[in-house]
Amino acid sequence: QVQLVESGGGLVQAGGSLTLSCAVSGGTFGNYNMGWFRLAPGKEREFVAGIRWNGETTTYADSVKGRFIVSRVNAKNTVYLQMNDLKPEDTAVYYCNLGLTLSSSQPGIDWGQGTRVTVSS
């Protein structure tokens, strides 16, 4: 059974940075595209970033492009989301997802439990 465990969330001031991690166990991590999504209060789930199984292609939502960087280390079964120049509107629970379809940003079926990011103004 695949398990995804996010970490690295917290409280940060606007303009600050955080790096989220998602450790995957129970599956062949290196075979799957990975994605990050977020859910803010009163809003629908939003795609944030995705990365191909081999790390050669990344995609981003327009709202985070140029500020966030997604990366992965297959030897560590871990995907990362480096978030820079954070804004209050980035406040959300962030989830990693295994099996993302890069072309459509549609998530796969496996999710982590989420990690909360709060950006104060």
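**View 1. Arg 72 over the ring of Phe 29.** Here Arg 72 lies over the face of Phe 29, 4.3 Å from the ring centre. A charge counts as sitting over a ring if NZ of Lys or CZ of Arg is within 6 Å of the ring centre and within 35 degrees of the ring normal. This is a predicted model, where local features need pLDDT of at least 70, side-chain atom pairs count only at pLDDT 80 or more, and totals for chains, interfaces and linings use all residues. Residues are numbered from 1 along each chain as its sequence is written, and side-chain values use heavy atoms, leaving out hydrogens and water.

**View 2. Phe 37, Trp 111 and their aromatic neighbours.** Ring pairs join Phe 37, Phe 47, Tyr 95 and Trp 111 into a cluster; rings of Phe, Tyr and Trp (its six-membered ring) pair if their centres lie within 6.5 Å, with planes under 30 degrees apart counted as stacked, over 60 as edge-to-face and the rest as tilted. The count comes to three aromatic pairs. Phe 37 counts as buried because its relative accessibility is 3%, while Trp 111 is partly exposed at 27% (buried means under 20% relative accessible area, exposed over 50%, partly exposed in between, with a 1.4 Å probe and protein chains only). Tyr 95 and Trp 111 are also edge-to-face, at 6.4 Å and 90 degrees.

**View 3. Arg 45 above Phe 37.** The charged end of Arg 45 sits over the Phe 37 ring, 5.7 Å from its centre.

**View 4. The surroundings of Ser 21.** Ser 21 counts as buried, since its relative accessibility is 19%. Leaving aside residues up to four places away in sequence, Ser 21 touches Val 5, Glu 6, Ser 7, Trp 36, Thr 78, Val 79 and Tyr 80 (contact means heavy atoms within 4.5 Å).
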